[in-house]
Amino acid sequence: MNEYKKSDWEKIPIWDKDSPEDNFIQMKDQFNGRIPVTRLEHWRDFTPFLETEFCNRKSIDLVFRGHRRYDWGLTPNLARFNEKNVVTNELANMQLKLFRKAIRGRITDHSLFDDNELENDELWAIGQHYGLKTPLLDWSYSPFVALFFAFAKTDEQDELENPYRAIYILNKTAISDDEYFRDIRVLEPRKDDHGRLVNQAGLFTFSPYEATIENKLIEILGNEDYPDERLRNASQSEEEEPAILAEYICKVFIKNEQQKECLKFLRRMNVHHASLFPDLIGAADYSNALIEEWEQNRKDKKTILLQPEPIIITPPSIHAEIVVSSPTIESQDITSIVKVLHGALSQDEVVEKDSLDKIAYEIAKTLTDYKEVDFEERGDLALELKAKLKIILRKLEYPENNRESAAYNIFDFVVNGGV
């Protein structure tokens with residue numbers, strides 16, 4: 001299986017704060033292994049999710065990690081050299097040896113040349129910052145930093161469909177218990193010369209050698225010696241176990257829609273490239289994001305103001321000009337379509353006004369070609385128009401669950417002489 005189908009997504013429960021025991025399922029596949037998963041149908045649902053008891057357990061510190069794609073696992077980049085996607089002791093030792101040798105004459109902190117666990121950890125953290133392939137995974141105490149990394153980049157055109165982004169949640173309090181989780185160490189470096197760790201509320205976990213972090217974690221939790229009676233009692237019940245395991249590690253899928261709007265929301269919270277990367281790279285990425293948004297807004301405003309020029313036809317036998325105006329896009333047309341789009345939304349769906357205006361303009365532009373059509377006589381054109389409306393709604397990320405009704409509502413609006 002290379003990607004999830006619609007039937008696979010339908011198996012995953014949508015988060016419901018009133019049914020905590022039914023919110024998770026273990027897919028036990030190549031994408032998620034035994035990690036419990038749930039899903040949210042909009043990034044705006046993430047904030048209410050964070051306010052639930054699940055995310056606010058007493059004396060429990062949770063850490064978060066955002067992934068742009070739903071099918072990316074918890075694999076450190078050093079493990080990608082290994083055919084089993086795990087870090088071996090030999091591979092890690094060789095990489096650290098090579099890096100320690102390569103940085104001679106490039107750093108002033110000579111304590112990093114000491115070959116002991118404490119300095120090895122610091123060296124791994126520095127290497128991670130500068131692009132070294134390591135056995136580390138980045139996490140953040142801030143769920144909104146994780147949300148930023150999940151939505152920061154647009155999807156690439158030549159890759160498989162990506163209907164959901166993802167956020168992993170790890171119980172840092174449990175993992176910090178050396179008695180049981182000594183193979184999954186938490187690292188919070190003492191040195192942070194570049195400032196990123198502080199700004200990102202960041203920390204690392206070491207992936208265990210010869211195993212993935214999720215397999216090692218669930219192996220430990222499944223051991224009879226682990227002091228959680230609920231897990232032992234639930235071991236015979238596939239229905240109960242996912243919700244309990246989720247308290248230690250879980251994965252939250254978030255619908256991959258309105259990426260730009262999500263970044264705007266986070267920017268209002270001061271979560272953006274410039275705040276998370278306090279260096280010139282962060283400043284450049286922040287400026288790039290703003291100029292892209294500025295240019296798109298400029299184009300949108302310009303196209304809405306433009307009207308098609310009239311077509312002038314001069315028949316050979318008549319000296320006077322006959323002016324036949326091409327269909328124009330009136331502001332009231334766009335306003336009317338916005339109302340239809342808004343009316344098709346369910347109560348829990350929210351779409352930014354700028355997005356609705358943009359969708360309405362594209363629809364109005366398409367409808368100019370159908371103003372004089374008698375759809376009762378031309379069923380073929382009726383089907384054609386409905387298909388075009390659905391394509392516009394999909395491309396401009398109108399909520400998936402409401403696209404069908406929105407397309408039909410707009411079509412009825414046209415038939416009744418609305419546009």
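Me: So buried means under 20% relative accessible area. With that in hand, which residues of strand 7 sit on each of its faces?

Reply: Happy to start there, and keep in mind that this is a predicted model. On one side of strand 7 are Gly202, Phe204 and Phe206, and on the other are Leu203 and Thr205. Every one of them is buried, which leaves both faces of the strand covered.

Me: How many residues of strand 7 are buried, then?

Reply: Five of its five, across residues 202-206. In a regular strand, side chains alternate between the two faces of the sheet.

Me: Which strands does strand 7 pair with?

Reply: Strand 4, residues 136-140, pairs with strand 7 in the antiparallel sense over five bridges. Strand 6, residues 186-187, also pairs with strand 7 in the antiparallel sense, over two bridges.

Me: Let me zoom out. How many helices and strands are there in the chain?

Reply: The chain has 18 helices and ten strands. Of its 419 residues, buried ones make up 47%.

Me: What about the nonpolar core? Which residues have the most contacts inside the largest one?

Reply: Phe49, Leu147, Ile167, Ile254 and Leu266 have the most contacts inside it, and the core counts 32 residues. At least two core residues come from each of helix 2 (46-50), strand 3 (62-67), helix 5 (143-151), strand 5 (164-171), strand 8 (249-255) and helix 12 (259-268).

Me: Which of those gives the most?

Reply: Helix 5, with seven residues.

Me: What does strand 5 pair with?

Reply: Strand 3 runs antiparallel to strand 5, and six bridges join them. There, the bridge partner of Gly66 is Ile167. Strand 5 also pairs with strand 8 in the antiparallel sense, over seven bridges. In that pairing, Leu170 stands opposite Ile249.

Me: Now helices. At what angle do helix 3 and helix 4 pack?

Reply: Helix 3 (residues 89-102) and helix 4 (residues 117-129) pack at an angle of about 75°, and their axes are 11 Å apart. That angle makes helix 3 roughly perpendicular to helix 4.

Me: Which residues make the contact?

Reply: From helix 3 come Ala92, Gln95, Leu96, Phe99 and Arg100, and from helix 4 come Glu119, Asn120, Leu123, Trp124 and Gly127. By class, that is five nonpolar, three polar and two charged residues.

Me: Change of topic: is Lys386 buried or exposed?

Reply: Lys386 counts as buried because its relative accessible area is 17%. Lys386 is in helix 17, residues 379-395.

Me: And what does Lys386 touch?

Reply: Tyr408 and Phe411, not counting residues up to four places away in sequence.

Me: Last one: where is Arg44?

Reply: Arg44 lies in the loop between strand 2 (36-40) and helix 2. With a relative accessible area of 26%, Arg44 is partly exposed. Neighbours within four places aside, Arg44 is in contact with Val350 and Glu352. Arg44 and Glu349 are 305 residues apart in sequence, yet 9.0 Å apart in space, C-alpha to C-alpha.

Definitions and conventions. Residues are numbered from 1 along each chain as its sequence is written. This is a predicted model: local features need pLDDT of at least 70, side-chain atom pairs count only at pLDDT 80 or more; totals for chains, interfaces and linings use all residues. Side-chain values use heavy atoms; hydrogens and water are left out. A nonpolar core is a set of buried Ala, Val, Leu, Ile, Met, Phe, Trp, Tyr and Cys residues joined through side-chain atoms within 4.5 Å. Buried means under 20% relative accessible area, exposed over 50%, partly exposed in between (1.4 Å probe, protein chains only). Helices (H or I, at least four residues) and strands (E, at least two) are DSSP runs, numbered from the N terminus. Axes are lines fitted to C-alpha atoms, for helices over the stretch in contact, and angles run from 0 to 180 degrees between N-to-C directions. Angles under 35 degrees count as roughly parallel, over 145 as roughly antiparallel, 65 to 115 as roughly perpendicular and the rest as oblique. Contact means heavy atoms within 4.5 Å. Ala, Val, Leu, Ile, Met, Phe, Trp, Tyr, Cys and Pro count as nonpolar, Asp, Glu, Lys and Arg as charged, and the others, Gly among them, as polar. Two strands pair if DSSP finds at least two bridges between them.
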